[in-house]
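Subject: Structure handover

Hello,

Here is the structure for your files. My notes on what was found follow below it.

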Amino acid sequence: MSTEAVHPAEPIVQAIVRGLVLPERTPLQTTPAALGLPFEEVRFETVDGISLAGWYIPAAVGNDNGHIVVSNHFGPANRAGYPGHLEGYNSSSNIEVDFMPLFKAVHEAGYSQLVYDLRNHGESGAARGGVSGSGYFEWPDVLASLAYVRSRPDTRDKTIQLRSYCMGCNATFHAMQRDPAAFEGVASLVAIQPLVGRTAVTKMLALSGVPDAMGRLEAVLMELGDQRVDDHDVRPVAAAVNVPVMFVQVRNDLVSSADDIQAMHDNVQVADKTVFWIEDTPVRHHGYTHFSTHPSALIEWLDAHRTAQ
């Protein structure tokens, strides 16, 4: 029998790390048809051979402004949102994230949309044995989505704008750093709650009552995910953002930091940049639901950037 001591915080550390790097796939609860939106089921492939599933939602005939919004979701969500109201999916303070009302608002404003599942999420293919990089490994998906839009006869002449959440936003930053030329002609980015890894896990450990377990968490993260905590520091990576950007953040988010978002903003070298703060809540997932119920600021940003820079 092994006499090796078990770290007193082991169950908590395992839960945090497994939730980050081995996310359970969440079911798609709805489709754009639920709100009467036209859509097409699509699949496209990344340079490393991962098949990604998505929906193409065309602009309405007679109300097409020539732009397409590509959406990169947060983890462990999917292209439809996150079923946080269902048993077993309570990592969101029991908040359901339903992107359909947002898709409808963007559609009514004249935009086409490509929304898709990142690798290891939704109906997209698996990679690295199901291990998520919280954006660190997912950057090829962002590049594949851009290439797909540019390959379709009905979208290749449209101007692209991006809406990227958390994991999807971190992946977007990494994609910009690795292949800046792929973003030439992209008119803007809405960067919703990009996350700094050390800030997040430090706060998660403190909230769980084990603030001194960082060393063990770092070891488990490497064991299970082949990642370091500081692989997920996107503050310096934000310097690669080469398009106009609106950061969006719950100011008092329990697992993030307003200072991190401000640092990312300050590191962006593009002059056209701003931060949209969501007030009066500490709940991170309210940052993901905000534009589904209050889309005006998002639509105004998109409309203001209807000419590619």
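Which backbone nitrogen does a side-chain oxygen of S257 reach at the start of α7? The backbone nitrogen of D259, to within 3.1 Å. A polar contact here is a pair of N or O atoms within 3.5 Å; within protein, one must be able to donate a hydrogen and the other to accept it, and residues adjacent in sequence count only if both atoms are side-chain atoms.

This is a predicted model, in which local features need pLDDT of at least 70 and side-chain atom pairs count only at pLDDT 80 or more, while totals for chains, interfaces and linings use all residues. Residues are numbered from 1 along each chain as its sequence is written, and side-chain values use heavy atoms, with hydrogens and water left out.

Helix α7

Helix α7 covers residues 258–267, and D260, I261, M264 and H265 are buried in it. Helices (H or I, at least four residues) and strands (E, at least two) are DSSP runs, numbered from the N terminus; buried means under 20% relative accessible area (1.4 Å probe, protein chains only). The buried residues of α7 fall within an arc of 140° seen down its axis, so they line one face of the helix. That arc is taken from the directions from the helix axis to the C-beta atoms. An α-helix has 3.6 residues a turn, so residues three or four places apart point the same way.

The buried residues of α7 pack against α4 (166–178), α5 (197–207), β9 (245–250) and β10 (273–278). H265 of this helix counts as buried because its relative accessibility is 13%. Beyond its neighbours within four places in sequence, H265 is in contact (heavy atoms within 4.5 Å) with F247, K273, T274 and V275.

In β6 (residues 112–116), 5 of the 5 residues are buried, so the strand is largely enclosed by the rest of the structure. S112, L114 and Y116 point one way from β6, and Q113 and V115 point the other way.

Two strands pair if DSSP finds at least two bridges between them. β6 runs antiparallel to β2 (residues 51–57), with 4 bridges, and I57 has Q113 as its bridge partner. With β3 (residues 67–72), β6 pairs in the parallel sense over 5 bridges; there N72 stands opposite Y116.

In β2, 6 of the 7 residues are buried, so this strand too is largely enclosed by the rest of the structure. β2 is also joined to β1 (residues 40–45) by 6 bridges, antiparallel, with E40 partnered by Y56. The hairpin of β1 and β2 has 5 residues between the strands, and G49 there takes a positive phi near 85°.

Regards

Notes:
Buried < 20%, exposed > 50% of the residue type's maximum accessible area, 1.4 Å probe, protein only.
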